[in-house]
Amino acid sequence: MMKDNIDTKVGVDAMETKFNCRDVQVYYADNHAIKDVNVDILDKTVTAFIGPSGCGKSTFLRSLNRMNDTIPICRVEGDILLDGEDINDAKVDPVQLRAKVGMVFQKPNPFPKSIYDNIAYGPRIHGLARNKAELDEIVEKSLRRGAIWDEVKDRLDAPGTGLSGGQQQRLCIARAVATEPEVLLMDEPCSALDPIATAQVEELIDELKANYSVVIVTHSMQQAARVSQKTAFFHLGNLVEYDDTNEIFTNPRDQRTESYITGRIG
Amino acid sequence: MTDATVQGGAPAPRGSIHSIDARTAKRNRAEKRFRTYGKIAIGIGLFFLVVLFASIIRSGAPAFTRTVVDVPFTLTQTQYEEAEGTLFKTKAYSDFFIAALDNQLREQGVEAEFDADTIERLLGKVGSTIREYYRANENQLGEEVSFSLATSSRVDGYLTGRVTRESMTDSRFLMAADLDLVDRLVEGEIITSEFNWPFITGADSGVDNPGGAGIGASVVGSFFMMLVVLFLSLPIGVAASIYLEEFAVQNRFTDLIEVNISNLAAVPSIVFGILGLAVFIQFMHLPQSAPLVGGLVLTLMTLPTIIISTRASLKAVPPSIREAALGIGASKMQTVFHHVLPLAMPGILTGTIIGLAQALGETAPLLLIGMVGFVARGYPDGFLQGFVEPNSAMPAQIYTWAARADVAFYDKAWGGIIILLIFLMIMNIVAVVLRRRFERRW
């Protein structure tokens, strides 16, 4: 009983921590892009990274599934623990990590293949389906989760690149969830979308948090306020403030956070 | 405008948009001038192209027709045995032929005087042709057979106007008096013109016999070389490019490799020829004049082209596709082979076919490894022999013909160029078609 009370009181804080980041530094050659970031990202929670352009929020997001490995000059230091395991450990194969930590990018980037193949690709390479029927099921389930099933169910053979921008982005989200990741990283997923498509994606994010830990980078503070439970404010490579979204937007502790959310810097 | 903003005042009024101001007029004139330059440049290019094609077709067309003498001929069993019994057997056959031709002319109401030497100058060694035929087909004895005998290239030239009575001098190849017989034969409609299939299907002939020269065998030589080039340079080139572009660490060493690949692309082809001579023939003792060696040399030459174009098309694949694949947990290799390579395919294929087309037209390296001269005696005995038996290649054959003294070979060289151009055009069309087909999936 006692425990339940605490849970209700502190809310999300008591939830399981997914990512444990300690003293994370990211360098692009000599440029110190991320400085001493300490943050705990919770499971079954939407965490928003906000901050002005070039503050390092995308860089930090990309270091959570080691996408920065693809940039030769990029170097990550410090500990990033996923369920207590260091993701930068020499034993970790980034491919395995990325199956666990999926990613959705700023620009919708469907493969120039059919809608079906876009979704089926991940499950195929990870061996999630034993036969065609199972694969069909995964595809349908993922497209439903991506809130795009009704729009595309009659044209699964049509190319994914032929969809509208908002549909493409939802297709990309469906593709990301098809591999059953535990964490979903989203790098400004709505920046290329119109308000209607944005609303659809936001609704989708809200549904996703029931099963996943979602980390979203966004330029829109309204979006952060709408979809996230936790918000982290980055400025010039520093994590300035990390707290419940309500706290950040109603009662920011740091002067810089307040300036940013009220529009004085950014 | 800048002044106005600097001073902070309102911008100066721009005037009516119905009248064109001096600045706009100047810009429009500049644009018009540039368009004119462009049209002139394209016009000049087209003009030269038309001149080039016209001259090639005009000079090459004679190679595709040949004149033949059609004589119905019957040889009885007795005549056959009689001829085989004499000492100069071909002479006997030749005499039978002359009798038949004489007969034929008389039937057409044409009077002509000629002897065996004239016939030999006009039609070559008729006797042996006939003898070989009957020795192979004894069952035809007593039946009427029509021999289509190709005339010598000088008679061709006389009929097409290249050789005239004024321009020719009497030689062992043709006497002025022989032309009288030619005129009679034309009158009697015994000489006719037909499409020169032997030019397309035949092999090179001796220097004395331009009329019998064909490009067929060297087409086969080129074909085997292209097979070698395709099956070596495409996999090696594409594998090297993929490794360099997608996997290799960027450091000084890979920079060095990159610079040197570009250098190799600029090395004159004759250098590859001498390298091939030294390495493949003198050191590895591969057969001389073989399409295999020619193909290996051309592979060396084509590789840089393929690598450069493949790397360019891999670079052109948007990085978002790579990120998408990596983001859902594809390995580097899966990313490259499932997503990047299919998208780069049209560019790779185009580059490869352009490289092959270059190799097909390359002559210099072939001169050094002996794929020239009178080596294309005939077709290879089989598929595998095709790689190692001495052969020539189209451009080398053209070079050989062009270098021969007899002007009749000049026609053949031009004709060969037409065949070569047809092959190049087919390859380029294939490149365009493949490009279109693969691009549709983007």
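Here are some questions and answers about a predicted model with chains A and B.

Me: How many residues of chain B and of chain A take part in the contact between them?
Reply: Let's start where the two chains meet. Together they bury about 1700 Å², with 63% of that on carbon and sulfur atoms. The contact draws on 18 residues from chain B and 23 residues from chain A.

Me: Which residues form the salt bridge between chain B and chain A?
Reply: Side chains of opposite charge can pair when their charged atoms come close. Between chain B and chain A the count is one salt bridge. Its closest N and O atoms are 2.8 Å apart, and the partners are B:Glu323 and A:Arg62.

Me: Which helix gives the most to the side of chain B that touches chain A?
Reply: Across this interface there are also five residue pairs in polar contact. Helix H14 (319–327) and helix H15 (332–360) of chain B each supply at least two residues of the side that touches chain A. With seven residues, the one that gives the most is H14(B).

Me: What classes of residue make up the side of chain B that touches chain A?
Reply: Sorting the residues by class answers this one. The side of chain B that touches chain A has two charged residues, along with eight polar and eight nonpolar.

Me: What span does helix H2 of chain B reach from its first C-alpha to its last?
Reply: H2(B) runs over residues 22–60, which is 39 residues. At 1.5 Å a residue, 57 Å would be expected. The model comes close to that, with a span of 56 Å.

Me: Which helix is included in what covers the buried residues of H2(B)?
Reply: First, find the buried residues: in H2(B) they are B:Ile56, B:Ser59 and B:Gly60. An α-helix has 3.6 residues a turn, so residues three or four places apart point the same way. Among what covers the buried residues of H2(B) is helix H19 (408–439) of chain B.

Me: How many residues apart in sequence are the parts tied together by B:Lys315 and B:Glu245?
Reply: These two residues form a salt bridge, with closest N and O atoms 3.7 Å apart. B:Lys315 lies in helix H13 (residues 291–315) of chain B and B:Glu245 in helix H10 (residues 216–247) of chain B, so the pair ties together parts separated in sequence by 70 residues.

Me: Which residues are joined with A:Asp83 into one network of salt bridges?
Reply: A:Asp83 forms a salt bridge with A:Lys100, their closest N and O atoms being 3.9 Å apart. The pair links distant parts of the chain, with A:Asp83 in the loop between strands E4 and E5 of chain A and A:Lys100 in helix H3 of chain A. Through shared partners, A:Asp83 is joined into one network with A:Lys18, A:Lys100 and A:Glu182.

Me: Is A:Lys91 buried or exposed?
Reply: A:Lys91 forms a salt bridge with A:Asp89, their closest N and O atoms being 4.0 Å apart. A:Asp89 has 29% relative accessibility and counts as partly exposed. The cut-off for exposed is over 50%. A:Lys91 has 76% relative accessibility, so this residue counts as exposed.

Me: What is the phi of A:Leu236?
Reply: A:Leu236 lies in the loop between strand E9 (230–235) and strand E10 (238–244) of chain A. This residue is exposed, with a relative accessible area of 57%. A:Leu236 is a residue other than glycine, yet its phi has a positive value, near 50°.

Key: Residues numbered from 1 in each chain as written. Chains lettered and ligands numbered in written order. Predicted model: local features only at pLDDT ≥ 70, side-chain atom pairs only at ≥ 80, totals over all residues. Heavy atoms only, no water. Helix = DSSP H or I, 4+ residues; strand = E, 2+ residues; numbered from the N terminus. Expected span 1.5 Å × (residues − 1). Buried < 20%, exposed > 50% of the residue type's maximum accessible area, 1.4 Å probe, protein only. Contact = heavy atoms within 4.5 Å. Buried area = accessible area lost by both parts, 1.4 Å probe. Salt bridge = Lys/Arg side-chain N within 4 Å of Asp/Glu carboxyl O. Polar contact = N/O pair within 3.5 Å; in protein donor to acceptor, adjacent residues only side chain to side chain. Nonpolar A, V, L, I, M, F, W, Y, C, P; charged D, E, K, R; others polar.
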